[in-house]
Amino acid sequence: MDVWQLTQAVSLRPETFGGMAFHHQRGVTLEVDVEAYRFLCSYREPGPLPPPGHPALRLLPQLVRLGFIAPAGDDRETPRVVPDAPWLGDGLTLSAPETVHLAITARCNLACSGCYVPHFATGAELSAAELCALIDKWARMRVFQLAVGGGEPLLRQDLFDVLAYAHERGIVPNLTTNGTLLTPDAVRRLEGAGVARVNLSWCGPSDGVQNQGVVRALQLLLGSTLHVGVNLLVSRVLLPRLPQTLARLQALGVRQVTILRPKPPAIPTETNAAWYNANRLCRTDLSRLQSVLNAWQGALRLEVGSALVGLMGDANPTSLHWRGIYGCAAGRRICTVWPDGRVSPCSFLADLDAGNIRRIPFAELWKRGMNWEALRDPNSYLQSGCDGCDVAKQCGGARCIARYERGDLFSGDAECLYAKGEESANDGSMC
Amino acid sequence: MRILSIRRGFEADHSSSSYEFFALDKLTPEQRAAVQELTGESGRRHLRFHYWGERSIPYGWEEKLLTLGYDILVSESYDWWGVQLSLPHDSTLVGRLQQYECESDGNGFGLKVVDERMILYFGMQLDYGAAYDAFGEDPFEGLADLFETARGELLAGDLSVAWAMVETYGGYADDEAEPVEPLSTSARTLLNVMENY
């Protein structure tokens, strides 16, 4: 009799709606209902396929093709499962972040004018020992991925040890870097540390020197086993040159580009606020951006950053939900841990500080979500300026932009293609 | 027992969404011009869009193209298959079909009236490999052929294909919908595919 089993690359954890399954090697995340979650859990140990007529047989082909269930072989290591999570979330907020964004240092070898890293992040950095202890906690909560950035993370000598520890504890480490410090040895060490994906930040034509460094880094990375992507911050300056930029990236061998838009800093300074005001995209810009993306789709794999759902094409709530697209997930599915241990809902809401993991256990910080109540209120989006939008629940707009524009976290995202009403005076006047 | 969502990860370079529109009668020059204006492309009988990664067809195109001369849309996104049929509006048929509406999370059957057309939606989860097994090398063409037949049956008053959706995805709703017996050949084929894949 054929015996089947969850593959060892899979992590499971229960949620109020059922549960989540994450494939560490493929990076695929499934959300399933209660019955399907029980079915997955039943294959922690090898077992026969369900009998004919069993409803699970409808799911099985997908689960097999996605690599979650396979014939049990010699390799029968037990998959990672959280049997009894202490807190199951509330459906909108997950029991634990899917991904923790770890700003491992605020130090940087560049001085980009739009940098959003807040001043408080320059305090005493979490040590490698503190980070490893934190990773242990995240592993117990079954956090799936770690997105390590900075500052420039390669400035930390112990970076590779931290990444390797996360990998060892079953959390997939990813890295965002400006690339200028990458060397062949660093790339080999990233491979050895189990890093899944490295994203390089590409700032644009005004940063020519930096981009020479990124080109060298790209060439190194594209010759490695790592998954490589480029984070392309599309500012008003870069937008007119976007087709040429995409062509250049394609010529370099890049296949995956993540499109990001300027976002307002949570703690504005004269410099970063001026940069944002000069570079933010208005709706006219977003329409141009969408045209470029439409023209380039197929030639490159283009992703859009959170809360740019309007640029993805189909604003069909069901379709978005099926593809696991949730737009702004700040404080509900992700959070940011700053170098000094503070925890905020995302990098652009740094001032909504829920506490410091040096004083309060991370699980408690996540569960309480102090100062994040509005982000976690299921009615907030529906009462906000996004009310009436078909995909308010799936997208939610960028809360940091709404707050910057109108001082209200739950006003509408004025820089959305589908936003109703007039654009902001500032925004519209510059178009 | 359901998968609620699938989000692809770092090995998703091959993932994509496809949309194929089929016209039973050739589009008129006016219809083609309207399609060209909307999408930048046009085909007298067939139009295909393919989007990589997380991107998908622009908002409103599906509905618009189904009122501009295309009769059948077959779409696939991450193993989620959808077929939409465009038919002339018939209030009696709308009334009869409403009892079979059972669309939930993209699966099942739904209908709406747009610009004097009825647009019927059939959503189902099928593994892509299984779709090949069921419909041959071109599952889009295969599904379009199947639903072309079903469309003819619906216009003739045979609602078998809608009942097949209730049978598969109706859940509690099937108490209220009138069963259709005997099922048409196309509905039996569809039911077989949905139950076995």
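User: Before we start, what makes a residue count as buried here?
Analyst: A residue is buried if 20 or more other C-beta atoms lie within 10 Å of its own, with the C-beta atoms placed from the backbone. Keep in mind that this is a predicted model.

User: Great. Which residues point each way from E10(A), and are they buried or exposed?
Analyst: A:Arg197, A:Asn199 and A:Ser201 point one way, A:Val198, A:Leu200 and A:Trp202 point the other way, and all are buried. In a regular strand the side chains alternate between the two faces of the sheet.

User: So why is E10(A) described as enclosed?
Analyst: Six of the six residues of this strand, 197–202 of chain A, are buried, so the rest of the structure largely encloses it.

User: Which strands pair with it, then?
Analyst: E9(A), residues 172–177, runs parallel to E10(A) and is joined to it by four bridges. E11(A), residues 227–233, also pairs with E10(A) in the parallel sense, over six bridges. To place them by residue, A:Thr176 stands opposite A:Asn199, and A:Arg197 stands opposite A:His227 in E11(A).

User: What sort of unit do E9(A) and E10(A) make with H5?
Analyst: Together with helix H5 of chain A, residues 184–192, they make a right-handed β-α-β unit.

User: Nice. Switching to chain B: what's the strand order in the open sheet?
Analyst: The order is E3-E2-E4-E5-E7-E6, six strands with antiparallel pairing. The edges are E3 (46–52) and E6 (108–114) of chain B, each pairing on one side only. On average, neighbouring strands of this sheet are turned by 15° against each other, direction ignored.

User: How many bridges join E2 to E3 there?
Analyst: Seven bridges join E2(B), residues 16–22, to E3(B). B:Phe22 has B:His46 as its bridge partner in E3(B).

User: And what does B:Ile72 contact?
Analyst: Leaving aside neighbours within four places in sequence, B:Ile72 is in contact with B:Phe22, B:Val83, B:Leu85, B:Ala144, B:Phe147 and B:Glu148. B:Ile72 is also among the residues that touch the most other members of the largest nonpolar core, which has 180 residues. Others in that group include A:Ala21, A:Leu40 and B:Tyr100.

User: How many residues does each chain bring to the contact?
Analyst: Chain A brings 39 residues and chain B brings 32 residues. On the chain A side, E4(A) gives the most, with six residues. That side divides into 16 nonpolar, twelve polar and eleven charged residues.

User: Which strand of chain B is E4(A) joined to?
Analyst: E4(A) is joined to E1(B), residues 3–7, by four bridges, and the two run antiparallel. A:Val32 has B:Ile3 as its bridge partner.

User: Which non-glycine residues have positive phi?
Analyst: A:Arg142 has phi near 65°, and B:Glu116 also has phi near 65°. Most residues other than glycine have a negative phi.

User: Are those two buried or exposed?
Analyst: A:Arg142 counts as buried because it has 21 C-beta neighbours inside 10 Å. B:Glu116 is exposed, with 8 other C-beta atoms within 10 Å. B:Glu116 lies in the loop between E6 and E7 (117–125) of chain B.

Key
Residues are numbered from 1 along each chain as its sequence is written. Chains are lettered from A and ligands numbered from 1 in the order in which they are written. This is a predicted model: local features need pLDDT of at least 70, side-chain atom pairs count only at pLDDT 80 or more; totals for chains, interfaces and linings use all residues. A nonpolar core is a set of buried Ala, Val, Leu, Ile, Met, Phe, Trp, Tyr and Cys residues joined through C-beta atoms within 7 Å. A residue is buried if 20 or more other C-beta atoms lie within 10 Å of its own, exposed if 12 or fewer, and partly exposed in between; C-beta atoms are placed from the backbone. Two residues are in contact if their C-beta atoms, placed from the backbone, lie within 7 Å. Two strands pair if DSSP finds at least two bridges between them. Axes are lines fitted to C-alpha atoms, for helices over the stretch in contact, and angles run from 0 to 180 degrees between N-to-C directions. Ala, Val, Leu, Ile, Met, Phe, Trp, Tyr, Cys and Pro count as nonpolar, Asp, Glu, Lys and Arg as charged, and the others, Gly among them, as polar. A crossover is right-handed if, with the strands pointing away from the viewer, the path from the first strand over the helix to the second runs clockwise.
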